[in-house]
Each structure stands twice: as C-alpha cells, then as structure tokens.
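Dear colleague,

I am handing over the structure we spoke about, with the sequence alongside it. Please keep it open while you read the notes below.

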Amino acid sequence: MSGFEARRRVAEWIVPADHPAFDGHFPGDPILPGVVLLDRVVALMAGSGLGGCDGHDELEGPEGRDGMASDAEALARGKFLEAVRPGERLRIVCEQTSAGAWAFEVARLGRGEAPVPVAAGRLRQAAERSR
C-alpha cells in the first residue's frame with residue numbers, strides 16, 4: 001500500500017478589476033495573464049486557499065513567500081481556453097491524481113449559466129522536503 005490519499009480542493013475568486021496585472025496586459029483591453037491563474041492554482045494546491053485574498057498580493061505557500069517553485073516543479077500540461085476579464089468570478093478546482101501530480105480546472109461562473117472552462121491542466125508537485 002502506497003499511503004496515497006487523494007485530495008480535492010475548490011475555491012472561488014473574483015478577479016479584482018484593479019489587479020495590477022491589467023496595467024500592461026493589455027491597456028484598453030484587459031486580459032488576466034495565465035501566470036496569475038497558475039499562481040492561484042498553485043496556492044490552492046499547496047493548501048493555502050484563496051480566502052481573504054484581495055488578488056493583489058502573492059499567496060504564500062506552506063514554506064513562505066517563495067512562489068511556485070516551493071509548491072510545484074513543473075506544469076506538465078496546460079491550456080488556456082478563454083480570456084479572463086476584470087470582475088469575473090472563477091471557480092478553481094485542484095484534484096490530486098497521484099502522489100505528486102495534480103489536475104486543475106478553472107471555470108468562469110455566471111449568473112444562472114453553466115460554468116465556462118477557461119483553463120485546465122496538470123501540475124507535478126515538487127518532492128516532499130525533509131524536515
């Protein structure tokens with residue numbers, strides 16, 4: 001028996017209209033950069049959650065503020081399917097598929113509409129650090 005225990009994490013995030021990423025991406029036609037979505041996915045995968053995040057600060061993983069490298073070593077596969085705009089409400093789902101691999105889906109939530117997929121992929125988690 002490997003001891004693998006699957007985990008599933010779900011969070012919602014409203015993209016702040018004044019998020020600093022929109023300043024240069026793109027003036028007059030703001031689109032959220034994919035790296036910002038990946039930051040939210042990694043934070044959720046690491047168990048940091050998204051609660052209370054104003055969207056402006058980087059989320060801290062369990063080892064502090066050292067970004068994606070502390071939580072994931074590789075984006076194994078990723079697709080960005082739709083542009084994400086200011087003020088949109090997103091649902092982020094991360095599901096551990098094996099002892100070190102996570103699948104993620106990000107969907108736009110609308111009022112009374114079915115969720116619209118905006119991104120999906122797989123991340124490979126870094127090997128557990130010795131304590």
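**What was found**

In this predicted model, histidine 19 is placed in the loop that lies between strand 1 (8-14) and helix 1 (34-45). Histidine 19 has a relative accessible area of 8%, and because that value falls under the 20% cut-off, the residue counts as buried. A polar atom of the histidine 19 side chain lies 3.0 Å from the backbone nitrogen of alanine 21.

The other findings concern strand 4, which covers residues 101-109, and the two strands that pair with it. Of the nine residues in strand 4, seven are buried, and the strand is therefore largely enclosed by the rest of the structure.

On one pairing, strand 3 (residues 89-98) runs antiparallel to strand 4 and is joined to it by nine bridges, with leucine 90 standing opposite arginine 108 of strand 4. These two strands form a hairpin with two residues between them, and in that turn glycine 100 has a positive phi of about 140°.

On the other pairing, strand 5 (residues 116-125) is also antiparallel to strand 4, here over eight bridges, and alanine 120 in strand 5 is found opposite glutamate 105. The hairpin of strand 4 and strand 5 has six residues between the strands, and glycine 112 in this hairpin takes a positive phi near 75°.

With best regards

How values were computed:
Residues numbered from 1 in each chain as written. Predicted model: local features only at pLDDT ≥ 70, side-chain atom pairs only at ≥ 80, totals over all residues. Heavy atoms only, no water. Helix = DSSP H or I, 4+ residues; strand = E, 2+ residues; numbered from the N terminus. Buried < 20%, exposed > 50% of the residue type's maximum accessible area, 1.4 Å probe, protein only. Polar contact = N/O pair within 3.5 Å; in protein donor to acceptor, adjacent residues only side chain to side chain. Pairing = 2+ DSSP bridges.
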